There are 2 protein chains.
Amino acid sequence: MKYILILLFTGIIANAQMQTTQLDLMPWPQNINLTEGTFVLTKNFKVNITGNPNPRIFIGATNFIRRLDGRTGLFLEQDFITQINKSPDAELQINCVRNGKIEINEDESYQLTITSNKISINATNDLGALHGLETLLQLIQNNSTSYYFPAVEISDSPRFTWRGLMIDAARHFQPVDVIKRNLDAMASMKMNVFHWHLADDQGWRIQLKNHPKLTEIASDGNFYTQEEIKSIVKYADERGILVIPEIDVPGHASALLTAYPEIGSKVVEGKMTYEVQRNSGIFNATLDPTNPKTYEILSSIFDGVCPLFPSNYFHIGGDENNGKEWNANPAIQKFKQDNNLVNNHDLQTYFNMKLIPMLKKHNKKLMGWEEIMTENMSKDAIIHAWRGTNEGQEAGGALIKAAKSGYNTVLSNGYYIDLMLGIESHYLNDPLPKKIILSPEEKARVLGGEAAMWSELVTPLNIDSRIWPRTAAIAERLWSNEELKDMKSLRKRLKTISFRLEELGITHIRNKDVILRNISNNQDTRVLNDFSNLCEPLKNYKRNGGGKKYRMHSPLTLFADACNADASEAYDFEIAVNNYLENKSLENQKIVSNFYRKWIAMDADLISLSTNAPLIQPLLPLSKSLSDVSKQLLLIMDKNEKVNPKLMADLLEKCNARSSADVELAVLVSLKKLIEKTKI
Amino acid sequence: MKYILILLFTGIIANAQMQTTQLDLMPWPQNINLTEGTFVLTKNFKVNITGNPNPRIFIGATNFIRRLDGRTGLFLEQDFITQINKSPDAELQINCVRNGKIEINEDESYQLTITSNKISINATNDLGALHGLETLLQLIQNNSTSYYFPAVEISDSPRFTWRGLMIDAARHFQPVDVIKRNLDAMASMKMNVFHWHLADDQGWRIQLKNHPKLTEIASDGNFYTQEEIKSIVKYADERGILVIPEIDVPGHASALLTAYPEIGSKVVEGKMTYEVQRNSGIFNATLDPTNPKTYEILSSIFDGVCPLFPSNYFHIGGDENNGKEWNANPAIQKFKQDNNLVNNHDLQTYFNMKLIPMLKKHNKKLMGWEEIMTENMSKDAIIHAWRGTNEGQEAGGALIKAAKSGYNTVLSNGYYIDLMLGIESHYLNDPLPKKIILSPEEKARVLGGEAAMWSELVTPLNIDSRIWPRTAAIAERLWSNEELKDMKSLRKRLKTISFRLEELGITHIRNKDVILRNISNNQDTRVLNDFSNLCEPLKNYKRNGGGKKYRMHSPLTLFADACNADASEAYDFEIAVNNYLENKSLENQKIVSNFYRKWIAMDADLISLSTNAPLIQPLLPLSKSLSDVSKQLLLIMDKNEKVNPKLMADLLEKCNARSSADVELAVLVSLKKLIEKTKI
C-alpha cells in the first residue's frame, strides 16, 4: 500500500510538471533534477555577473541575451553587458570564482539552479559559466503565449577534456565567416578544441610575413591573413575554444613544395618543380628529411605560425607519407644506411624529432596523426588516432596503444564525418569502450576525441550540412555519461538541436533549399526535397573514388550535396517495416504501402519537373528503379500474390546500381529486409 | 500580299527560336538582336582573354566559370584563369583594348556576340567585359537535358555613370561577408558605386590607427579593421565597383562625440559627455563649428580614412543637423554674429567649406546630402539629393536645382528602399524625368542614383531581403533606356533574377525560411509562409515611429522581418480582382472566391499552429479580420446577397487597424476596390 501511494504521488508530480525526457538537451548533463515550478520569462529579464571571471563571460552573456531575445521576440531591455555586478537585482546571477584558462584538464564544471523567481549559474570559472548559459538556452519551453524555464537543478562537467572539431581549410578554402559560425555551433555543443588544417597538397592557407611566397604561389589567392587568423583565435577564445593549427609535413606537402621545391625529395634532372594539386588523393610530394635547408625553412615557418596561436599544442600532421619519393631517391636511401635508419618510419621519426625543439622554442608540444607513433618518438607528443578497419588497422587501436605507451592521445577514428556514415556509428564510438581495460593512469591519457571534416567535397555552401547536426552526437559522446546510448532519444533531441543551430548562423537547412532550387531550375522543390529525404550521398569516399571525378573546382551544387547521411524517410520507413514485420495488421500494411504509392508518384513528378531542369536527369534512373520495385510490391500486397524472385532480384539490383547522381537509396536496406522476411 | 508574307516569315522565325521577351535579362541591354541558332554548352567550354585589360578580368572570368559550372553541373575543365591568351582556341573570347579605371564617366560599354560555335565579348576595357559576362550568365537557357545560349548580338552601355547602393553599417553593423555578397549582387546588376555609411549616432565603424578611441569607445566592438576595409575595397575593385566612404558630420555625430566630447556644441556645466545612441531618430549631438580643435580632429580623421579609399570622392554626410545645440549655445550664436553668418545654414556652409581643403589634400572632392547645397558651397561638391514629399520638399527637386546650379548630383529620393514601398515607386522614379527641361550640360551633371539601405531595422539576417531583388529594378532604371516602363515585364524578369541572386550568396529567400522556422517553433511553416505572402511590413517608417519601439538591440526575427514589400499574393489577388471586374464570369468569380476560402483556412491553421508558438499570437487578430471579411464576401458571392454596409465597413476597418505584428494586409487595397466597384 505504501508503494502504491508513492507511485501515485510520483505520477502526480510527473503529470503536473515536466519529465527530463521532454527536454531536448545536448550534450546531456551529468546530473539533472527537475524540481517544482517554472520561471516565466519577461522583457525585464536581466543578467548579472559576479566573481572574478575572464571578460569573455561578458561577451558570452551579451550573446546569450541577444539569442534569447531573437528566439522569443520579447524585446529584452538589457543591451551590452560589460561590467561586474552592474545589475545586482537581475534574475539570472552568474558567479565565477576565477579566470578560466583555455587548456587541457581545465575545470569546465557548472551548477545551474532554476527556481520560480531566480536562476543561478555557479562555476569555478567563466568556461563553465559559458556552458551553463548554453544549457539554459536549451531549457527554454513555451506554451501558446509565453516562454519559461522549468525549475531544475543541474550539476555538470565533461567526461573528456578534449572535445574537438577539425576543419580542413586546405582542400576547399573555408572563409572566416564559415569558421566563425562553426565556432559558435561548437560552443553551443560545449566543444572546446578547434583543430585547423591549414596546409595540404591542394593549398597553403596561412599568410606568413616571413614566407610570402607560400600564399603568393600556393594558395590560388585563398588564404587567411594574419589578422584573420588572430580574429578567429580571439573569437574562439571568447567561446572557450582552443585553436590547434596543423601544418601537415613531411607528406601532404605539394603546396609547401610548390613554393620551396628545393626541399622536396623528388629526383629530377634540371629544375625541381611541384604544383598545387587539383585532385583528391594521396600524392608523392614529400619534404627531404636529409636536407638541412628543410629544417631551416620549417623552423622559420614555425616561427611565423606559432606566435599566432596561444595553444600549447601544434599539429604537424605526419600522416600518409607514401615514401615513394624517399624510396626513389638514392641520396635519401644512403642517408638511411649511414644513420642506421632501418626503414622510412625510422626516417620519419628522425624528421619528427627535429621538429620538437623548433616547437619547444615557442612553448609548444608536438601533436601528430598516429603514424608519428614510432619507437623512438618523444612521449611528450600527442598521438592523434585516425586509422581503422578501412585502413587495415584495428578500430581505435592506435589510441589504446598510445595510452599504454605513455602518450596523451585523441581519437578521430570513428569520427570521420566526411565518410557520410550514419549517426549511430559516430555516437556509439566510445574513446574508452568498456571492453578495454586500462589503468587509471592510462585512461587519463585518453584526452577525448575530434570530429574530422576533410574538405574534398565541401564548400561554404554545403559544409555545415556535413558537420551538423551530426557533430552534436559526437559532442555528447565526449561530454556525457558513457551509459547514454539510446538512439531514439538522440534522434528526438537532435531534431530540436538541428533547428536551433540556425540561430547561430549554421546553414545546413537553408542551404539545402538553395541547392534544390538550383537543381529544380526555380520550379517547386517539394518533390525533389521528398526524394532527397530517402537518398544518401555515397559513403566511404565512393563518391569520389580515386579522387578523380571531383577536382577542387568541380561543382558541389548537385543532388548529392543536398542529400545527407541519416536520410529522414529511410528512418521512418525502417520503423514502418519493423512494425509491419512485428504485426502484419491491415493498418501497418497500409502505412508501408503508402510509402510505395508516394514513391511511384514521386517518380512521375520528378519526370515532369525534369522537362525544364537538366540537373534532375541523373536522378531519374534511381527514382524509376524505386518506383518499379514499389509497383511490384504494391501489386503483391494488394493481390496477395507471390512475386517472380528473379524479377524482384533484378529490380533490387537496379536500385543498388551505382547512380550517376552519386547517391544511394537509403530505404533499400529496409526494402530488402521486408522482401526477405515476408518471403515474397 | 508582300506584308502578309513578311509577317508569316517573321512568325516562323519567332516560333523556331526565342523572342527577346523570353529572356530574363536585367538591366535590359540597350540593343539586343536575336539571331538564328544556339550555342550548346559542354564541359569543354573555355574562356580566353586577349588585349590589355586590368587583371580584375581574370578574377571575373574565373568566377564566371565557377558560377556557370555550379549552375549547370557540367564539370567544366578550366580551373583558374590567370594569363592573357592562355586558351587561344576557347569558345568564349574576351577582348579588352585597355585597362579600365574605376571612376565616373569611364567607358563601360561592351559588345556580346553569340553564334552557334563561338562567343565573343569585346569591350574598351575590363569593366565593360565584366558587364558582358554578367549578361552572358543571364542568357543561359535550357531544355530537359542541356544548357545553351541563344545566338544574339548585344551592344550595351549605361545610361547613367553612377549606379549605386548605399549601406548604412552604423545603425546595425554589417560584417564583411554581408558587404561582400552584396558587392557580388551589385556587380551582377551592373552597379558600380558602393556608398558605405561608416559613422552615425549609433556607432563608429572604421578603425583608425591615429584615433583608436573612436572604435574603442564608440563601436561596441563592432567595426571594420583597416585590413577589412582594404579587403572590401579590393573586392569591390575586382568587380568594377567604386567605394565611397561616408563620415557623417556635423550632425549624426553622437559616436564621434562619445570619443571626443570636447568638440561638441552642447552647453553643459562640468564635464561634457555624449553617448552612443541605442534608439533611432534625429539626435542633437553636433560638432562645434567654432572650435579650432574640431577641424584639427576632423582633418586628422580624414588623414586616417582617405588613404584607405582610392576613390576621388568623399561623402561628409551633412544631413539632418537639427541646430538645437547650436541655437542653445551662446558662444556659437555670437560667432555667427561676428562672422556675418545669418543662420545655421550659413554656419554649416562655413563648416563644410573648411573640410574641402582637408579632402583636397588627399585628392578627394566633397560629396554630401543635399543640405550642403547652400549659396556659397563650392561647385566642386557632389550634391546627393534625398528629400522628397515626406520631408516637405518637391520630389527630386534638389537634384534638378543642383544640376541647374552647376553641381554634379546623384539621386536617392525615390530610392530609399528602407521605406518598404512597392517596387513600382522605385522603378518608375527617373533621375531625368521627361517633364524636366535641362540643357545638355545640366543633364550631364545628373550622374545617376543610389539605392539607400538605412539600417535601423536590418541585421545580417534580414538585410538582403530589404535590398534584393528590389534594387535590381533601380539598377535597371539607372542603366537601361528610359522608355522601359513595363511593370509586367519587370515582375516576370525579377522572378528569375531573384532566384539567381542566391548563386552569389544573397540570402533573401533562404533567411526568410529561417525566420519563419523560428516563429513557428520548428513546426511546418507552410501556412506562415502563405500568410507572409499577403502581408507587408509597415511602410514609411511607421514600424518604428519615433524610433522608440525598436532599439538597436531589439529582435529583428519577427514576422515583419520575414515579410517584404511587394507581397506576391497581393499581386496575384489584384490580377484576379481586375479580371473579375472586367468580366464577371463564373470562372473569374471562382478564382476570387478561392482566395477567400484559402484565407479562411489559413486563419484556422495559424490558430492551430499558435498553440505551440507564442510568436504567432501577434498575427492572429489580423488573420482573423481577413478571415471574417472573407467569410462575408463568400456568403455574398455564393448567395448573391447584398451585405450590411456598416458591417462591411467595420470589418474592413479591423483589417486596416495597426497590427502589433507591424505588418499590413497587402490585399486590402484590392479587397476595398472589389467591394466598392461591385457595390456589395
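Where in chain B does Pro469(B) lie? Pro469(B) is in the loop between helix 15 (463–467) and helix 16 (470–479) of chain B. Helices (H or I, at least four residues) and strands (E, at least two) are DSSP runs, numbered from the N terminus.

## Basis of the model

This is a predicted model, in which local features need pLDDT of at least 70 and side-chain atom pairs count only at pLDDT 80 or more, while totals for chains, interfaces and linings use all residues. Residues are numbered from 1 along each chain as its sequence is written, chains are lettered from A and ligands numbered from 1 in the order in which they are written, and side-chain values use heavy atoms, with hydrogens and water left out.

## Chain A overall

Chain A contains 25 helices and 19 strands. Its radius of gyration is 27 Å, close to the 26 Å that the globule rule gives for 680 residues, so chain A is as compact as a globular protein of that length. The radius is taken over C-alpha atoms, and the rule is 2.2 Å times the number of residues to the power 0.38. Along the principal axes, the C-alpha atoms of chain A fill a box of roughly 80 × 75 × 50 Å.

Of the 680 residues in chain A, 60% are buried. Buried means under 20% relative accessible area, exposed over 50%, and partly exposed in between (1.4 Å probe, protein chains only). Among contacts (heavy atoms within 4.5 Å) in chain A with a separation of 6 or more, 76% are between residues 24 or more positions apart.

## Aromatic pairs

Over all chains, the structure holds 40 aromatic pairs. Rings of Phe, Tyr and Trp (its six-membered ring) pair if their centres lie within 6.5 Å; planes under 30 degrees apart count as stacked, over 60 as edge-to-face and the rest as tilted. Trp196(A) and Phe309(A) have ring centres 6.3 Å apart and planes at 85°, so this pair is edge-to-face. The pair links distant parts of the chain, 113 residues apart: Trp196(A) is in strand 9 (residues 193–197), and Phe309(A) is in the loop between helix 8 (292–305) and strand 13 (313–317) of chain A.

## A buried strand residue

Ala451(A) is in strand 17 (residues 446–453) of chain A. Its relative accessibility is 0%, so Ala451(A) counts as buried. Beyond its neighbours within four places in sequence, Ala451(A) is in contact with residues including Gly164(A), Met166(A), Tyr415(A) and Ile474(A).

## Backbone details

The peptide bond from Trp468(B) to Pro469(B) is cis, with omega near 0°. Another cis peptide bond joins Met26(B) and Pro27(B), with omega about -10°. Pro27(B) is in the loop between helix 1 (2–16) and strand 1 (31–40) of chain B.

In chain A, His252(A) has a positive phi of about 50° although it is not a glycine. His252(A) lies in the loop between strand 12 (242–249) and helix 7 (254–259), and is buried, with a relative accessible area of 3%. Glu320(A), also not a glycine, has a positive phi near 50°. Glu320(A) is in the loop between strand 13 and helix 9 (324–327) of chain A, and is partly exposed, with a relative accessible area of 24%.
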